[in-house]
Amino acid sequence: MSKVTFTQFFSAQHLSGTEANSSLASDISLMLGDIARACIRISKEVNKGALVGTMGSLESENVQGEVQKALDVITNDIFIECNQQSGLIAGMASEELDDPYVVPEQNRKQAKYLLSFDPLDGSSNVNVNISVGTIFSILPCPEGVIAPHLEDFFQAGTAQICAGYALYGTSTMLVITTGSGVNGFTLDNESNEFILTHPNLQIPIETKEFAINMSNYRFWEAPIQNYIDECLQGVEGRRDKDFNMRWVASMVAEVHRILIRGGIFMYPMDSKIKAKGGKLRLLYEANPMSFIVEQAGGGASTGRVRILDIKPKALHQRVPVILGSKSEVDLAEAYHKRK
Ligand code: AHG
Ligand code: MN
Ligand code: MN
């Protein structure tokens, strides 16, 4: 069987079979080419590990008060540099930037899109050599906007044109949706090309695996405590099956595991983070991951509403996240609605 490369799969020609609009198909093709190049560069940086001095923390904090790692900043710069060249992207929002980055004028004359990203997800895992990732989301730039402002990014997740993540794990993978299913590609380090290895990913409907940071148990709301209590009771409880637990602390790795073998991932509201609205960020973590999970047949909710329906009010807005196998997400939602 011949190999399908990322470039072939996302060629305008191939995409025009799935995208109704051919200019959209060629735009997606160009933008994804730049994203793939950025992720290959990030993969190489991450792989250098302790051989270079980039694993430590900097003096600086990002706008969310988190200490930045050198690699947070390096990967952010790579993502901006690679993605401002196509001329298609007007502005970018990043976890590592307080405000939107407006692409230099000469590069955004024809720009029709906005890019949001988390350049290095799970960065607390970098110096312990555990998987990290990059998450991105592409939105349309509102009609007539040439130099995008903050409010132009405030679009519900349903408006996303394309979303994906790169996982820098035992192999480097790119997992992408353009709204017609989810496909996974593995980096061939010899040819420096991504190859289609996981066509049409579908999340198994039923699961016995959950992912949550259990140390927050006492801070959770009752519906999440109840849901997890019942998982822990296993065959002796009303769920009538034993569950397994995983927590990588890199959302990209958790979502990838769920795409491959099912499960549920939760970073729910808890009393410690209530003032912030949650832990994970809507624009560049929750929305792209929810788009992928829904496109793979799963569900994504805050417990009370579908994540993709939320209209953002701030660039770094946080939301509770419950996503994965549809039947489990539905059950967790039902617990929130139960009086
Ligand atoms: P980031 O490194 O981009 O700030 O994101 C880390 C996120 C997410 O990837 C992960 O699920 C969660 O934070 C881990 O949180 P805990 O440290 O509470 O486990
Ligand atoms: Mn993150
Ligand atoms: Mn990050």
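A residue is called buried when its relative accessible area is under 20%, exposed when it is over 50%, and partly exposed in between, using a 1.4 Å probe and protein chains only. By that rule, buried residues make up 58% of the 339 residues in this chain.

Good morning. The model is a predicted one, in which local features need pLDDT of at least 70, side-chain atom pairs count only at pLDDT 80 or more, and totals for chains, interfaces and linings use all residues. Residues are numbered from 1 along each chain as its sequence is written, chains are lettered from A and ligands numbered from 1 in the order in which they are written, and side-chain values use heavy atoms, with hydrogens and water left out.

Let me begin with the chain as a whole. Its secondary structure comes to 8 helices and 17 strands; helices (H or I, at least four residues) and strands (E, at least two) are DSSP runs, numbered from the N terminus. Along the principal axes, the C-alpha atoms fill a box of roughly 60 × 50 × 45 Å. The radius of gyration is taken over C-alpha atoms, and the globule rule is 2.2 Å times the number of residues to the power 0.38. Because a compact globule of 339 residues would have a radius of gyration near 20 Å, the 19 Å of this chain agrees with that expectation.

Contact here means heavy atoms within 4.5 Å. Of the contacts with a separation of 6 or more, 65% join residues 24 or more positions apart. The accessible surface is about 14500 Å², and carbon and sulfur atoms hold 51% of it; these areas come from the Shrake-Rupley method with a 1.4 Å probe, and for residues only the protein chains shown count as cover.

I turn now to two helices. The expected span of a helix is 1.5 Å times one less than its number of residues. Helix H3, residues 22–47, has 26 residues and reaches 37 Å from its first C-alpha to its last, close to the 38 Å expected. After H3 comes Gly49, with a positive phi near 50°. Helix H4, residues 70–83, has 14 residues that should span 20 Å, and its end C-alpha atoms are 20 Å apart, so the two values agree. H4 is mostly covered, with 10 of its 14 residues buried; among them are Leu71, Ile78 and Phe79.

Which residues does Glu45 touch? Glu45 is in helix H3, and it counts as buried because its relative accessibility is 18%. Leaving aside residues up to four places away in sequence, Glu45 touches Leu71, Ile74 and Ile78.

Ala300 counts as buried because its relative accessibility is 5%. Its contacts, again not counting residues up to four places away in sequence, are Ser290, Glu294, Arg306, Ile307, Ile322, Leu323 and Val329. The C-alpha atoms of Ala300 and Phe265, 35 residues apart along the chain, are separated by 9.5 Å.

Finally, two loop residues. Asn192 is not a glycine, yet has a positive phi of about 60°. Asn192 lies in the loop between strand S9 (182–188) and strand S10 (193–198), and it counts as partly exposed because its relative accessibility is 37%. Ala249, also not a glycine, has a positive phi of about 70°. The loop that holds Ala249 runs between strand S12 (244–245) and helix H6 (251–261), and at 35% relative accessibility Ala249 counts as partly exposed.
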